[in-house]
Amino acid sequence: MPSLTRSYRPALLLAAAPLLALIGTAMPSAGELTVDQAHLAPFVAPAPATSAPINYKVVDDVLNAIVVDEGSSTTVRYSALKGDGERVIDQLVSAFSGIDPRGLNANEQLAYWLNFRTLLLIKATAQQFPSAKPAQWLEPGNAFLTARMANVAGVDLSIADIDAIVLARAAGHPHIVYGLPLPVREAPAFPRQAYRGATLDADLAAAARGFINRSGVVRTKADAATIPRFVLDRRAHLGGDDAALLMHLRSLADNKLGAKLGAATRLAPDNRLTLNAFAERSFADQDLHGGFRPTAGAGGGAGS
């Protein structure tokens, strides 16, 4: 696993530059946008047919360094980002902001938004860490999700804005919500590699199965299935009512969980919210320059 040590950081900062130069398609200028109540409309319009991809290698390196496998989920080294690691994230956020995604095809656009959102969410959480109050952060309307943190093509955007853009483009992507993790263990895992347009649907399906089949995420007792608030809050995109949502869960469940869900007829909320912070195990895990040393076990992720 790469580390954000003093010797490694310059390579990451230089590698962020190619993100700015990979889209050669002519794109609308910022002046063509009207930023009003419909300020997200330019990003949900039909996408062009071009398949020009973004090279996300540097994003893979950063995610692989700060997102740590923990069983069937992941945690994040927020404490490491209190040092110079935050500067690396800022460089990547600036690089993403310099790209107008409207010149990409539909899947490449979604990959761009999902990857950008991951970086913004990690940055926002690291800024709040160690004041671990996810129950407050994730309340509807809280500034954690609604504060506008980035500007793309002249439009100021929040994490909630990006969610709206992604979900508006969700047709044909039944597992898209599982690409919208939150900084809690009771939500889909943060990826350890960037999403790619070419493998988007397969990687989202893997994220969905991984989350639903994670031990303790879906619990059953008699005819009730207790599921995370993350899933219940997104029922409009997962079937619309309890019966359809149960069918969706069964479609993702492995044989053991599927058998248990076969007897369920109603849903109950699991309101637990636990910050997905990685607990540094010893001083040796950390680096004096704000980074950290490698941890054994490189994980899967969302593409290659």
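How accessible is Arg-185: buried, exposed or partly exposed? At 29% relative accessibility, Arg-185 counts as partly exposed, where buried means under 20% relative accessible area, exposed over 50% and partly exposed in between, with a 1.4 Å probe and protein chains only. The legends below start from this residue.

A word on the model first. The structure is predicted, with local features needing pLDDT of at least 70 and side-chain atom pairs counting only at pLDDT 80 or more, while totals for chains, interfaces and linings use all residues. Residues are numbered from 1 along each chain as its sequence is written, and side-chain values use heavy atoms, leaving out hydrogens and water.

**View 1. Glu-70 and Arg-185 form a salt bridge.** The closest N and O atoms of this pair are 2.3 Å apart; a salt bridge here is a side-chain nitrogen of Lys or Arg within 4 Å of a carboxyl oxygen of Asp or Glu. Glu-70 sits in strand β1 (residues 67-70) and Arg-185 in the loop between α7 (159-168) and α8 (200-212), so the bridge ties together parts that are 115 residues apart in sequence. Helices (H or I, at least four residues) and strands (E, at least two) are DSSP runs, numbered from the N terminus. The model's count of salt bridges comes to 13.

**View 2. Asp-270 pairs with Arg-272.** Their closest N and O atoms are 2.6 Å apart. Asp-270 is buried, with a relative accessible area of 5%, whereas Arg-272 is partly exposed at 42%. Follow the shared partners and you find Arg-219, Asp-270 and Arg-272 joined into one network of salt bridges.

**View 3. Asp-233 meets Arg-229 in another salt bridge.** Here the N-to-O distance is 3.6 Å. Asp-233 is exposed, with a relative accessible area of 52%, and Arg-229 is partly exposed at 32%.

**View 4. Three strands make an open sheet in the order β5-β6-β7.** The pairing is mixed, and two strands pair if DSSP finds at least two bridges between them. The edges are β5 (219-221) and β7 (266-270), each pairing on one side only. From one strand to the next, the twist averages 30°. β5 and β6 (residues 224-228) are antiparallel over 3 bridges, and Arg-219 stands opposite Thr-226 in β6. Helix α10 (residues 242-252) lies across β6 and β7, at about 75° to β7; axes are lines fitted to C-alpha atoms, for helices over the stretch in contact, and angles run from 0 to 180 degrees between N-to-C directions.

**View 5. Helix α8 packs its buried residues against several neighbours.** Those neighbours are α4, β6, α9 (229-232), α10 and α11 (255-261). Among the buried residues of α8 are Leu-204, Ala-208, Phe-211 and Ile-212. Leaving aside its neighbours within four places in sequence, Ile-212 is in contact (heavy atoms within 4.5 Å) with residues including Tyr-178, Val-231 and Leu-249.

**View 6. The largest nonpolar core holds 82 residues.** Such a core is a set of buried Ala, Val, Leu, Ile, Met, Phe, Trp, Tyr and Cys residues joined through side-chain atoms within 4.5 Å. Tyr-112, Trp-113, Phe-116, Ile-212 and Val-231 touch the most other members. Helix α4 (residues 106-128) gives the largest share of this core, 12 residues.
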